[in-house]
Amino acid sequence: MEKIILSEKDPNFKNEIASQPGAESFMRCFTCGTCTASCPVAEVHDEYDPRRIIRMAVLGMREEVLSSDLLWMCSRCYTCAALCPQNVKFTDVISILRDMAVKQGYASRERLEQARELDRMIQTIRCRMIDNKLHPKKKNVEEIKSIVEEELNNKW
Ligand code: SF4
Ligand code: SF4
């Protein structure tokens, strides 16, 4: 397990996050793990763990949090926020962290915009695929393929 030297971390990071609308209660997290257990992304991604991201933020791990690829994995479904017993709005926290990553030079503005576009595209594909299962004769497959192909050509 990685050793964390707290004196090397940034104690202001958590206050910076908590001062923004939506993140006021994030330090109330008592690491119960309900968010991680209910997260559809954590279900398919071994390293994605909202509880861990909150812990790292509370410990002042600014660079590790803001430069992490995991910041961009959240689908912003609000499941964790709805179930959190401490009223931590993780979905809002992740949006704040993404904004901070852009403003503090850890990620480009394009990445933020493309992450939003990607979420929209994924929902489009999901709806088309459900439609395809319910009505196989409608042949949505070609449309799904072309949406995926177009997105694959849009590099971050
Ligand atoms: S559900 Fe809430 S209190 Fe529990 S680990 Fe997640 S953020 Fe923390
Ligand atoms: S909002 Fe993000 S972290 Fe929370 S359950 Fe949905 S995908 Fe997981």
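## The largest cavity

α2 and α4 each supply at least two residues of the lining of the largest cavity. Helices here are DSSP runs of H or I, at least four residues, numbered from the N terminus. A cavity is a set of points, on a 1 Å grid over the protein atoms alone, where a 1.4 Å probe fits but cannot get out; lining residues have an atom within 4 Å of a point. The model is predicted, and totals for linings use all residues. Residues are numbered from 1 along each chain as its sequence is written.

The largest cavity holds about 120 Å³ of space. Its lining has 15 residues, with C29, C32, C35, C84 and V88 closest to the centre. By class, 10 are nonpolar, four polar and one charged.

## Ligand 1

Ligand 1 takes up the space of the largest cavity. Around ligand 1 stand 13 residues (a heavy atom within 4 Å). C29, C32, G33, C35 and C84 are the closest. α2 (34-38) and α4 (50-58) each give at least two residues to this shell. Eight shell residues are nonpolar, four polar and one charged.

Two or more shell residues come from each of α3 (40-44), α6 (79-83) and α7 (90-103). The shell has 14 residues, and C39, Y48, C74, C77 and C80 come nearest.

The second largest cavity contains about 70 Å³ of space. Among its lining residues are P40, V41, P50, S75 and F90. Nine lining residues are nonpolar, one is polar and none is charged.

Notes
Chains lettered and ligands numbered in written order. Predicted model: local features only at pLDDT ≥ 70, side-chain atom pairs only at ≥ 80, totals over all residues. Heavy atoms only, no water. 1 Å grid on protein atoms, 1.4 Å probe; cavity = no way out; pocket = protein on both sides within 12 Å on 5 of 7 lines; lining within 4 Å. Sits in = over half its atoms within 2 Å of the grid points. Nonpolar A, V, L, I, M, F, W, Y, C, P; charged D, E, K, R; others polar. Points joined across faces, edges and corners; volume = space filled by probe spheres on them.
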